[in-house]
Amino acid sequence: MKITMAHGSGGKSSAELMKAVFGKYFKNDVLDKMEDAAVLEINGKIAFSTDSFVVTPTIFKGGDIGKLAVCGTVNDLLMMGAKPLYLTSAYILEEGLEGDHLETCVASMAKTAAAAGVKIVAGDTKVVEGSGGLMINTAGIGLIPPEREISAGNLREGDKIIVSGFLGDHHACILSHRMKLTNDIVSDCAPLNDVVDALFASGAAVRAMRDITRGGLGTMLNEFAAASNCGIELEETKIPVRDEVQGFCDILGLDPLYMGNEGKMIAVVAAADAEKALTAIRSTKHGQDAILLGAVTAGKGVVMKTRLGGKRVVDMLYGEGLPRIC
Amino acid sequence: MEAAKIKIINELKNYDGPKVKLMEVCGTHTAAIFKSGIRSLISPKIKLISGPGCPVCVTPTAFIDKCVAYAQKDRHVLYTFGDMMKVPGSNNSLSTAKGDGAKVELMFSPLDAVEAAAKDPDTTYVIAAVGFETTIPAYALTLAEAQLKGVRNLLLLTALKTTFPAIEWICENEKGIDAFICPGHVSVITGSDAYNALAEKYQKPFVVTGFEGEHILAAIYEIVGQLKKGEGKAKNLYRNAVRDRGNAKARALIERYFTAGYAMWRGLGEIPGSGMYLKEAYQEYDGGSYGLDKDAVLAKSCRCGEVIVGRVNPCECPMFGKGCTPTKPYGPCMVSAEGACGIWYRNTI
């Protein structure tokens, strides 16, 4: 089956697509009522976020756009200290999309949602002219326990910076696909519930968290430093990058510090709690390669102590990281 | 850290001889110098200045205008490397032109264009062929591939340059430079022996090195050592990648398809023999590469021309960080990942 404009008409073809694909994988007490809107009962402080996913290719090593659409929004909620509860899922299909391809992504989305403990409670599908593309928007709601105050503006001098694992895997994986390069680089696309749960369970005082998506670690840390009016000092030797990703970056002129990830996060914790936070994160599947790579200082901006003992400024990413000529 | 490294760092940090000025010709070296924090590791008496070794930065405005014109033309698609996208032309950059509907595609290899052209014979695919010795063999291979596949709807709009005539131009015209850190990737093609004649003629150290912090420190150490002894020799410290005689196969490929001619270097002007043009036999693939002998007049306050010969550091340009930033570049040195101004801005502001 190929997607045609008829699948977006709201008529019989739409209903068939709904039943054959979405209905087959998305099932829960809220959605199954098939009302115009999901009715939810939530008491307390909520986190609410949305994100659109437009990655090419839509299926890649380590994931697909369906998995990504869950991870992206779930991780955004987690980073505010929230327990993710509900997602909406809006699909925009381009005519010509293979039904099997769509089903692979929908099945993966359902599986990832189950793994992340969220229910997909509302959805929409539109078909537009095009050439077989697939885009997804998700929005999500999570409940924040009353005692948690997580914010980029919370950093204090002496706090420690932990990164949950290797940088650049997702970005390098997607670029490899686009460049038709064969290598073993796999996207890190994953929901980070286990990492965040372990971190809070450790009892560490968590100041700020952020998932290291577009813009990369360099950009996120600059945002933290600006929001908290402080400096951050990093050690180059601690920056975790797999050899093959580093090699890939060296050839293309890309810097892993500015590359997007889909299953990595920064956690800033109080200095006294750094070790127990790190141990807790390392005990999880998605945080086993975590490392403590820097500290908050009284200065300004982000400075890196280089491998040779020199110092350099790490600025935000400007524009796109484009592959260069030589 | 190993003892040898500590010794080199200590000696360079405590260097107290006469002030010396070293030019790193290649933009990738400029980036590596910042990345490793080299300036913070050596004496302020050793000044490192950036040279003209960023192919984007020395590409004239008129070339961008030609690219934009092709991209706006019916049934034409322009293929370019990413770092050309934001270089300002007279009215448009390729990036802004694309926003207005011009057909611009990012390429990871010029062979991408051959593949696309083979599938779509009714459209002309134009490659914005920019680069130095390192990249020219790739364009030669592209032509070989196009010929092999019988692809005729492909054009190369070239602004190809060779670095040696530019280095010689600098030796002739910029007197204050004591030594050169030679481009590592270019040297892979040319070989390190190619610097012997320059060292002989100008009696200055020409040191080929790699792109790790240690490589650069070793090159500076070698240069300072030579200068102390009053020597000026060519030396290859990047032996794991650069052979004495370089890559003859790549050079043969270049020679098969290209011939030398004058070239316009943005900021420097015309340098005879520094351009590479398609040979007569391959003219059907040429997208009109000759005639780039005039460049748009840059604003007086833009000092790109002085930056690329190392006369001023980027931060000494009055537009630096004010009228010219990576998000809104005026001069090409601010645009490219290899451009001295962009590198300084990202690492010092």
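What you have loaded is a predicted model, where local features need pLDDT of at least 70, side-chain atom pairs count only at pLDDT 80 or more, and totals for chains, interfaces and linings use all residues. Residues are numbered from 1 along each chain as its sequence is written, chains are lettered from A and ligands numbered from 1 in the order in which they are written, and side-chain values use heavy atoms, with hydrogens and water left out.

**Stop one: a helix in chain A**

Select Lys12(A) and Glu16(A). They form a salt bridge, with the closest N and O atoms 3.4 Å apart; the term means a side-chain nitrogen of Lys or Arg within 4 Å of a carboxyl oxygen of Asp or Glu. Side chains of opposite charge can pair when their charged atoms come close. Because they sit four residues apart in helix 1 (residues 12-25) of chain A, Glu16(A) and Lys12(A) are separated by about one helical turn. Helices (H or I, at least four residues) and strands (E, at least two) are DSSP runs, numbered from the N terminus. Exposed or buried? Lys12(A) is exposed at 67% relative accessible area, while Glu16(A) is partly exposed at 45%.

**Stop two: helix to strand**

Now pick Glu223(A) and Arg210(A), whose side chains meet in a salt bridge of 2.7 Å, N to O. Glu223(A) belongs to helix 6 (residues 216-228) and Arg210(A) to strand 8 (residues 206-211) of chain A, so this pair ties together parts 13 residues apart in sequence. Glu223(A) is partly exposed at 30%, and Arg210(A) is partly exposed at 26%.

**Stop three: helix to helix in chain B**

Jump to Glu168(B) and Lys201(B), a salt bridge with its closest N and O atoms 2.7 Å apart. Glu168(B) lies in helix 7 (residues 163-173) and Lys201(B) in helix 9 (residues 196-202) of chain B, so the pair links parts 33 residues apart in sequence. Glu168(B) is partly exposed, at 29%.

**Stop four: a buried serine**

Zoom in on Ser289(B), in the loop between strand 11 (269-278) and helix 12 (304-307) of chain B. Ser289(B) is buried, with a relative accessible area of 2%. What does its side chain reach? There is a polar contact of 2.6 Å with the side chain of Asp286(B), and the backbone nitrogen of Thr158(B) lies 2.8 Å from a polar atom of the Ser289(B) side chain. (A polar contact is a pair of N or O atoms within 3.5 Å; within protein, one must be able to donate a hydrogen and the other to accept it, and residues adjacent in sequence count only if both atoms are side-chain atoms.)

**Last stop: where the chains meet**

Show both chains: 23 residues of chain A are in contact (heavy atoms within 4.5 Å) with 39 residues of chain B. The rule finds two salt bridges across this interface. Select Arg307(A) and Glu212(B), whose side chains meet in a salt bridge at 3.6 Å, N to O. Helix 4 (169-178) and strand 13 (311-314) of chain A each supply at least two residues of the side touching chain B, and strand 13 of chain A gives the most, with three.

Definitions and conventions
Buried < 20%, exposed > 50% of the residue type's maximum accessible area, 1.4 Å probe, protein only.
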